[in-house]
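Today I am opening a new structure and keeping short notes as I go. Come along and look things up with me.

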Amino acid sequence: MAVMFTLVVNFGDDLEAARVAAATAAGWPPLKAGHHRIPLHPATITSETSEYSESVVYAQLSVLPVAVGFGAAPDRRLPRIGLTSEELTELGRGLYGLLAEFDGYLAAMVGWDPDSLVDTEYLRADLTDELTNGVPDGLVVSEQLHRDLGAGRHFAPFAPGFVWIPWRGVEPSTLTVDKP
């Protein structure tokens, strides 16, 4: 099973906005993480179409830094870059900087496998109490989704049209190379 440190962005049914974001990511310079400069793999777009038509009902973009995760298919032949929690936090801030350039999405997050946390149905059905209490940190949502969720006071401005629960960064864990 792969464990990936990534930026995941839910574009809802806006496949064109996901494509524009992928093109933006393709031209993005390598991100700083301590003394490392880490490039990004080409962004991947996963989409689902309606069973009744060819229209897209869900488009998700993933931006994966090169050689940072564990077992990611694009990194199979590359040596892994072990990063401290501080370096991963710097890398994550760089990914949030990239996200600030995107438009047209509903929810986004940086972290270790954050895919489920950008699913709007999951946010509505299972995380209303957490959102009210300012969890999970790093979650970015459109202002419209924020209103729909009634998510409350823990959100702050992120970029025009978007708010977030400010990200606290990465804590030392078995996924970091911090010294005990």
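Entry 1: Strands here are DSSP runs (E, at least two residues; helices are H or I, at least four), numbered from the N terminus. S1 and S6 pair in the antiparallel sense over six bridges; two strands count as paired if DSSP finds at least two bridges between them. Ala108 also stands opposite Val140 in S7, and S6 and S7 pair in the antiparallel sense over two bridges.

A note to myself on the source: this is a predicted model, where local features need pLDDT of at least 70 and side-chain atom pairs count only at pLDDT 80 or more, while totals for chains, interfaces and linings use all residues. Residues are numbered from 1 along each chain as its sequence is written, and side-chain values use heavy atoms, with hydrogens and water left out.

Entry 2: Buried means under 20% relative accessible area, exposed over 50%, and partly exposed in between (1.4 Å probe, protein chains only).

**Entry 3: the whole sheet.** What is the order of the strands in the open sheet? I read S4-S5-S1-S6-S7-S9-S8, seven strands with antiparallel pairing. The edge strands are S4 (44-49) and S8 (156-159), each pairing on one side only. Neighbouring strands are turned by 25° against each other on average, direction ignored; the axes are lines fitted to C-alpha atoms, for helices over the stretch in contact, and angles run from 0 to 180 degrees between N-to-C directions. I reminded myself that strands of a sheet pair through backbone hydrogen bonds, either parallel or antiparallel.

Then I checked more pairs. S4 and S5 run antiparallel and are joined by six bridges, with Thr46 partnered by Gln60 in S5. Four bridges join S1 to S5, and Leu7 stands opposite Val63 there. S7 (residues 140-142) and S9 (residues 162-164) share three bridges, and Val141 has Val163 as its partner.

**Entry 4: the helices.** Helix H1 (residues 15-26) lies across S4 and S5, at about 15° to S5. Helix H2 (residues 85-99) lies across S1, S5, S6, S7, S8 and S9, at about 25° to S1. Contact means heavy atoms within 4.5 Å. I picked out Glu16, which lies in H1, and noted it as partly exposed at 48% relative accessibility.

**Entry 5: the largest pocket.** I found a volume of about 190 Å³ for the largest pocket. It has 15 lining residues, and the closest to its centre are Val110, Gly111, Trp112, Trp167 and Val170. For the terms: on a 1 Å grid over the protein atoms alone, a pocket is an open set of points where a 1.4 Å probe fits, with protein on both sides within 12 Å along at least five of seven lines, and lining residues have an atom within 4 Å of a point. A volume is the space filled by probe spheres set on the points, which are joined across faces, edges and corners. Which strand gives the most to this lining? I found S6 (residues 107-112), with four residues.
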